[in-house]
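Q: Could you walk me through one part of this model up close? I'd like a single region and what surrounds it, in one connected go.

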Amino acid sequence: MALEAAVTGAILKIVTDIAIKIYDEKPNFKVDEVKQLYFNATKEYFQTYSDRHGQIQVLGMSKPMKLDAIYSGARMLDTESMKSYDSREALEKAYRNRGDRRFRHHDCSKRNGIDIANECERLIVLGDPGIGKSTFLRKVGLEALKGEQGSYKHQQIPVFLELKLFNSPDLDLEACIAAEFETCGFPSSKGFTKKALKQGRLLILFDGLDEVPADNLDNVIHKIQALVDRYSKNRFIASCRIAAYHTFFKRVNTVAIAEFDNEQIKKFITNWFSSELDQQSQTAQQCWELLQKPENKGAKELAQSPLLLTFLCMVYNKSLTVPSSRHTLYEDALNILLKEWASEKRVGRGQIYEGFHTDLEKQLLAKIAHEGFDNNQLFFSKEQLIKYITDFLGDTLDAPKNLDASAVLEAIEVHQGILVERATGIYSFSHLTLQEFLVAKYIVAWKLQEDLIELHVQDDGWREVFFLVTGLMGGAAIDLLERLELQTQELSEHPKLNGWLAWVEAKTSTAIGDYSDEIKRIIALILIYDLILVYNPDEITPLVFNLALNRNSVRDLANDLDLHKKLARDYALDGKEDRDLARDLALDGKEDRDLARKLDRIFTLDGGKRPETKLVRNLALNRAQVVEKYQLVSKVNLKKLIDALKTEFIQKPDSVQNFISIVSASLNISHEFLDISHDHIQVINKYLLTCRLMLDCSKQASGLSAQQWEAIKQRMFLPPQS
């Protein structure tokens with residue numbers, strides 16, 4: 001084992017060399033006895049270090065896990081490259097142009113943390129709460145214990161010191177180090193410590209500068225700097241939360257731990273589920289694949305933090321799924337950051353929190369989150385946040401009135417990391433997921449569901465908020481769904497859409513296909529839409545592809561995998577999401593892979609321009625064949641239409657009129673019915689997107705009345721009822 005090899009290798013030689021120099025001054029000492037004495041002490045020290053700092057047991061884990069077994073690496077960013085003096089508006093614009101959900105984005109390269117530790121004699125490691133600072137320091141110590149077999153390349157004895165314990169003004173760091181050796185049976189521990197320090201034989205790991213009691217911080221910093229200056233031959237690493245560090249030390253290198261990327265998340269999950277049973281069941285692979293699903297994007301976002309990824313692995317281990325009630329998942333994640341992690345770390349909340357309990361803090365954060373979303377704002381100036389906090393403390397009956405808003409902001413940032421400084425004086429929430437959840441809590445608490453629908457039903461940036469509001473409402477969410485249905489009814493009064501829906505009702509009501517009425521209607525409706533787009537190429541824009549129920553909604557309604565596969569590949573969103581969908585659809589067989597490549601090519605190489613007519617015709621052909629095969633409409637003759645779609649008919653202007661005549665005859669509709677403008681397309685898109693939102697929301701609520709929801713479904717895709 002690496003531990004045994006280290007004890008009998010270079011590290012033991014360091015220990016015995018120091019020990020012999022201690023005993024060399026004493027008469028009648030026997031070298032072999034001293035070596036054996038220190039061999040036993042060294043072995044005990046290594047074992048004690050491994051037991052205390054080489055295992056992880058957090059968040060109520062039933063048993064500890066070996067750090068080496070789940071460690072997936074720490075990647076570091078140069079803190080100079082992280083500094084930003086951008087304005088709030090500039091950050092907002094840059095974030096939205098990127099098109100991802102990460103607030104902190106770094107173009108600079110990341111480096112392996114242990115490689116940096118090998119290079120730097122004095123290192124400060126910064127990071128947000130739960131990002132893995134303590135874990136990194138412990139890992140460096142473990143690698144040092146392994147001696148020549150470890151990845152830490154300096155033959156030094158690690159000493160791990162938890163700074164939160166340093167609350168005495170009479171702090172003696174040398175005595176603290178000696179105590180670590182004395183606990184493990186080192187004879188003459190004080191003399192050993194003194195000689196080890198003078199020879200530069202120690203790697204001293206100072207964990208948690210931000211956890212030092214505030215009234216003793218200056219004293220601790222002074223004592224650490226004095227120790228580093230006096231014994232400069234040793235190597236030192238200290239950790240601190242980003243928000244709490246203010247350039248305390250001189251002549252040090254400073255780096256920050258980056259959030260987990262996909263590779264690290266996958267490696268962590270693989271390491272976590274590494275038992276023989278898990279390997280046989282492919283638990284890790286299934287967990288990773290589940291996090292890739294669009295509906296779990298919020299959970300995957302939380303996984304960028306090792307602390308919250310640990311929480312997600314624990315949740316998955318219990319149920320082998322990511323909970324469908326994501327509002328519960330996010331509530332638990334928020335509670336971990338607000339109180340459980342602080343309790344786990346035994347971090348004192350200080351006087352700033354007297355009377356400012358967790359429920360009040362959630363209300364404050366929810367108000368800030370909602371104000372931001374309502375103003376299309378994800379970044380906040382420090383002045384804005386201080387004003388929000390001041391107003392909240394003044395207006396809330398049971399909030400303490402003697403708190404300083406600036407101190408409250410600092411405490412939230414330092415101790416919990418829920419609000420994070422992204423540039424000088426500019427803040428955001430740590431995760432967009434948490435902000436969305438807090439927005440939803442605010443809407444439910446203040447009963448703002450009607451405003452939510454009226455103002456944001458067509459806003460893609462609010463979709464997750466809709467889902468979370470539905471989940472938080474539980475069975476009462478039927479009211480939200482009925483309000484969404486009312487929106488669809490108002491849209492369906494548009495003359496063109498009304499006519500389409502009337503045709504759909506007439507043609508599907510007597511169809512013998514073995515599918516629910518609402519499935520027949522939606523597929524018939526989109527068939528008309530597809531056919532019109534075939535001869536209206538100028539209307540084929542990315543907006544057009546934002547047209548229908550997503551794959552999950554179709555699958556849940558149809559409850560038929562074969563039909564789902566045939567329909568799924570048609571439903572796409574514009575831009576980057578098209579490419580993601582194309583790759584995702586490649587799992588559904590060769591036919592889908594061919595279409596996936598076409599979609600990917602269109603939106604990658606052609607810069608998001610409209611698809612070629614041939615592709616649009618193929619989509620319409622596919623839809624028509626499905627409608628015919630599964631007998632989803634009646635009183636139509638699709639054979640001639642399908643034959644026309646199989647030919648290269650859109651070559652001359654007169655072929656368009658010929659095609660319109662074929663569509664009209666096949667579907668038994670008038671030419672005027674097929675005349676459509678861009679405004680018509682926008683109305684139909686709004687209608688379909690609202691229907692899709694209603695269906696997706698229905699899956700988020702617990703305790704919905706089955707009878708009431710069934711009644712809503714049966715009314716879907718029908719013209720307004722008189």
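This is a predicted model: local features need pLDDT of at least 70, side-chain atom pairs count only at pLDDT 80 or more; totals for chains, interfaces and linings use all residues.

A: Contact here means heavy atoms within 4.5 Å. His431 sits in the loop between β12 (426–429) and α21 (432–445). Its relative accessibility is 7%, so His431 counts as buried, the cut-off being under 20%. Setting aside neighbours within four places in sequence, His431 is in contact with Phe103, Glu301, Leu302 and Leu308. There's a polar touch as well: the His431 side chain makes a polar contact with the side chain of Ser430, at 3.0 Å.

Asp404 caps the N-terminal end of α20, with a side-chain oxygen 3.2 Å from the backbone nitrogen of Ser406. The buried residues of α20 include Ala405, Val408, Leu409 and Glu413. Just after the helix, Gly417 takes a positive phi of about 70°.

Then there's the second largest pocket, with a volume of about 1,200 Å³. Of the 46 residues lining this pocket, Met82, Lys83, Ile242, Glu421 and Arg422 are the closest to its centre. Both α20 and β11 (419–423) are among the elements that each supply at least two residues of that lining.

As for confidence, the mean pLDDT of the protein is 84, and 84% of its residues reach 70 or more. Over residues 540–611, though, the pLDDT is below 50.

Methods:
Residues are numbered from 1 along each chain as its sequence is written. Side-chain values use heavy atoms; hydrogens and water are left out. pLDDT is the predictor's confidence in each residue, from 0 to 100. Buried means under 20% relative accessible area, exposed over 50%, partly exposed in between (1.4 Å probe, protein chains only). Helices (H or I, at least four residues) and strands (E, at least two) are DSSP runs, numbered from the N terminus. A polar contact is a pair of N or O atoms within 3.5 Å; within protein, one must be able to donate a hydrogen and the other to accept it, and residues adjacent in sequence count only if both atoms are side-chain atoms. On a 1 Å grid over the protein atoms alone, a cavity is a set of points where a 1.4 Å probe fits but cannot get out, and a pocket is an open set with protein on both sides within 12 Å along at least five of seven lines; lining residues have an atom within 4 Å of a point. Grid points are joined across faces, edges and corners, and a volume is the space filled by probe spheres set on the points.
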